[in-house]
Amino acid sequence: YMSCSQNPINIDDIEKPYFVWFEDNWIHDDELHSHHKGQLVYVESGFQYLTVEGKIYLLPQNHAAWIPSGHIHKTNSHSEKIRLMIMFFEIDKDDSFYKEVSVFLVPPVLKEMIKYAEKWSKKIQEDPHETLFLKALSNELPQFVARSLQLHISPPEDKRLCKAIDYLHEHYTEDLSMEDLSEIAALSLRTLERIFKKETGLTLSKYQQMLRIIKSLELLSDQQWTISEIAFKTGYKSLQAYTNSFFSVMQYRPSEFLKKLV
């Protein structure tokens with residue numbers, strides 16, 4: 001089931017191959033679930049956290065996520081008001097793209113297609129025009145996501161790491177060392193280094209960078225602060241350091257991201 005401000009709809013009971021759901025002010029049930037169909041989640045405004053198979057992904061404004069069929073997921077927004085478009089697709093192609101989670105900035109042509117499909121929102125009866133249009137959209141998705149960004153962090157499965165990770169998330173603006181974290185986790189430095197790399201797949205500095213960039217994307221999406229203010233709010237010593245770090249993760253600059261929000 002998916003709930004919103006109206007009645008819940010059971011997606012798996014809908015027999016047509018594609019289903020569009022637009023909600024002006026999305027309200028989540030915040031429960032883990034899965035669907036038989038693949039799912040495209042587009043954030044028109046606000047920002048959204050998405051948990052898929054234990055990994056937490058960030059969806060800033062004008063980004064979308066592809067969730068393959070059968071993947072256990074839940075949405076949890078940190079935005080006061082969020083405009084979401086969700087589309088469900090029966091996929092009959094064997095392309096590996098449809099079997100993996102992708103998070104990507106939506107290019108203008110796809111944005112227009114998504115907005116056009118809004119007219120079919122919550123229509124249960126099959127419409128041949130909708131079927132043809134959404135089949136074309138789903139067919140082009142791999143091309144739209146030629147270089148998809150994986151903005152995600154994975155909560156640790158090894159419980160010994162929980163204290164250190166929680167501390168990192170609360171103090172991400174500080175320059176923390178492995179020595180600091182080993183004291184917090186009450187683990188030897190060697191043990192912590194080994195399980196940190198194994199669990200997160202990242203070095204400590206890369207993990208901190210990812211946290212800072214994700215947080216800065218939230219702040220940029222709010223459009224309440226200048227880029228300089230956001231740089232200092234997220235722990236960078238200069239605007240240049242923030243811009244360089246942002247570019248190395250996102251492959252474009254914070255100013256370009258702001259233009260894409262318009």
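Search the whole structure for aromatic pairs and you get 14, where a pair means Phe, Tyr or Trp rings (six-membered ring for Trp) with centres within 6.5 Å, called stacked if the planes are under 30 degrees apart, edge-to-face if over 60 and tilted for the rest. Bear in mind that this is a predicted model, with local features needing pLDDT of at least 70, side-chain atom pairs counting only at pLDDT 80 or more, and totals for chains, interfaces and linings using all residues. Numbering runs from 1 along each chain as its sequence is written, and side-chain values use heavy atoms, leaving out hydrogens and water.

Start by selecting tyrosine 116 and phenylalanine 133. Their ring centres are 5.1 Å apart and the planes meet at 45°, so this pair is tilted. The pair ties together distant parts of the chain, 17 residues apart: tyrosine 116 belongs to helix H1 (residues 108-116) and phenylalanine 133 to helix H2 (residues 128-144). Helices here are DSSP runs of H or I, at least four residues, numbered from the N terminus. Tyrosine 116 is partly exposed, at 44% relative accessibility; that class lies between buried (under 20% relative accessible area) and exposed (over 50%), using a 1.4 Å probe and protein chains only.

Next, pick tyrosine 242 and phenylalanine 246. This pair is edge-to-face, 5.8 Å centre to centre with 70° between the planes. They sit four residues apart in helix H8 (residues 239-250), so about one helical turn separates them.

Now grab Tyr18, Trp66, Phe89, Phe97 and Tyr98 together: they make up one aromatic cluster.

Last stop, charges over rings (NZ of Lys or CZ of Arg within 6 Å of the ring centre and within 35 degrees of the ring normal). Arginine 212 lies over the face of tyrosine 236, 5.4 Å from the ring centre. Arginine 253 puts its charged end over the ring of phenylalanine 247, 4.4 Å from the centre.

Conventions:
Helices (H or I, at least four residues) and strands (E, at least two) are DSSP runs, numbered from the N terminus.
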